[in-house]
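Subject: Structure handover

Hello,

Here is the structure you asked for. Please open it first, then read my notes below.

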Amino acid sequence: QVQLIESGGQLVQAGGSLSLSCAASGGIFSLYTIGWFRPGPGKERELVAAISGTGTVTYYADSVKGRFTVSRDNTKNTATLHMDSLKPEDTAVYYCAAEDPQYGDSWYREGDYAYWGRGTQVTVSS
């Protein structure tokens with residue numbers, strides 16, 4: 001079992017920066033892809049950014065590419081989402097999730113991730 005706890009969400013002005021942290025316990029952290037999600041336009045959460053277990057491969061949604069940076073420190077069992085040039089439309093609850101590789105190698109969808117944090121609220125004021 002992997003337990004994830006997000007932190008760092010707060011109110012920030014448009015154009016500002018913010019870092020979210022994901023602390024993991026249980027499991028072997030380096031085996032899991034870590035994804036950051038927020039509510040999508042429909043019922044499904046959308047993947048904002050993801051980072052592979054080794055940290056060598058990253059993914060960003062088009063809406064955040066160039067503004068957000070995902071990283072991880074496997075020695076500390078943590079992952080970070082750094083957000084720059086924040087926009088009001090970035091306002092959302094952000095969730096950290098871990099994709100368990102035993103279920104396959106797909107990591108682009110909400111259903112691919114087995115473990116979830118409870119979310120942290122990011123509010124961007126205009």
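Does arginine 109 count as buried, partly exposed or exposed? Arginine 109 counts as partly exposed, at 48% relative accessibility. Here buried means under 20% relative accessible area, exposed means over 50%, and partly exposed lies in between (1.4 Å probe, protein chains only).

A word on the source. This is a predicted model, where local features need pLDDT of at least 70, side-chain atom pairs count only at pLDDT 80 or more, and totals for chains, interfaces and linings use all residues. Residues are numbered from 1 along each chain as its sequence is written, and side-chain values use heavy atoms, with hydrogens and water left out.

**The fold**

The chain has 11 strands and zero helices. Both are DSSP runs, numbered from the N terminus: helices are H or I with at least four residues, strands are E with at least two. The C-alpha trace spans about 40 × 30 × 25 Å along its principal axes. Of the 126 residues, 41% count as buried.

**The salt bridges**

Side chains of opposite charge can pair when their charged atoms come close. The structure holds four salt bridges. Each needs a side-chain nitrogen of Lys or Arg within 4 Å of a carboxyl oxygen of Asp or Glu.

Start with arginine 109. Its partner is glutamate 44, with the closest N and O atoms 2.6 Å apart. Glutamate 44 sits in the loop between β4 and β5, and arginine 109 in the loop between β9 and β10, 65 residues apart. Glutamate 44 is partly exposed too, at 30%.

Next, aspartate 90. Arginine 38 meets aspartate 90 in a salt bridge at 3.1 Å, N to O. Arginine 38 lies in strand β4 and aspartate 90 in the loop between β8 and β9, so the pair ties together parts 52 residues apart in sequence. Both are buried: arginine 38 has 7% relative accessibility, and aspartate 90 has 0%.

Arginine 67 also bridges to aspartate 90, at 2.7 Å between the closest N and O atoms. The two are 23 residues apart, with arginine 67 in the loop between β6 and β7. Arginine 67 is buried, at 10%.

Finally, Arg38, Glu46, Arg67 and Asp90 are linked in a network of salt bridges.

Best wishes
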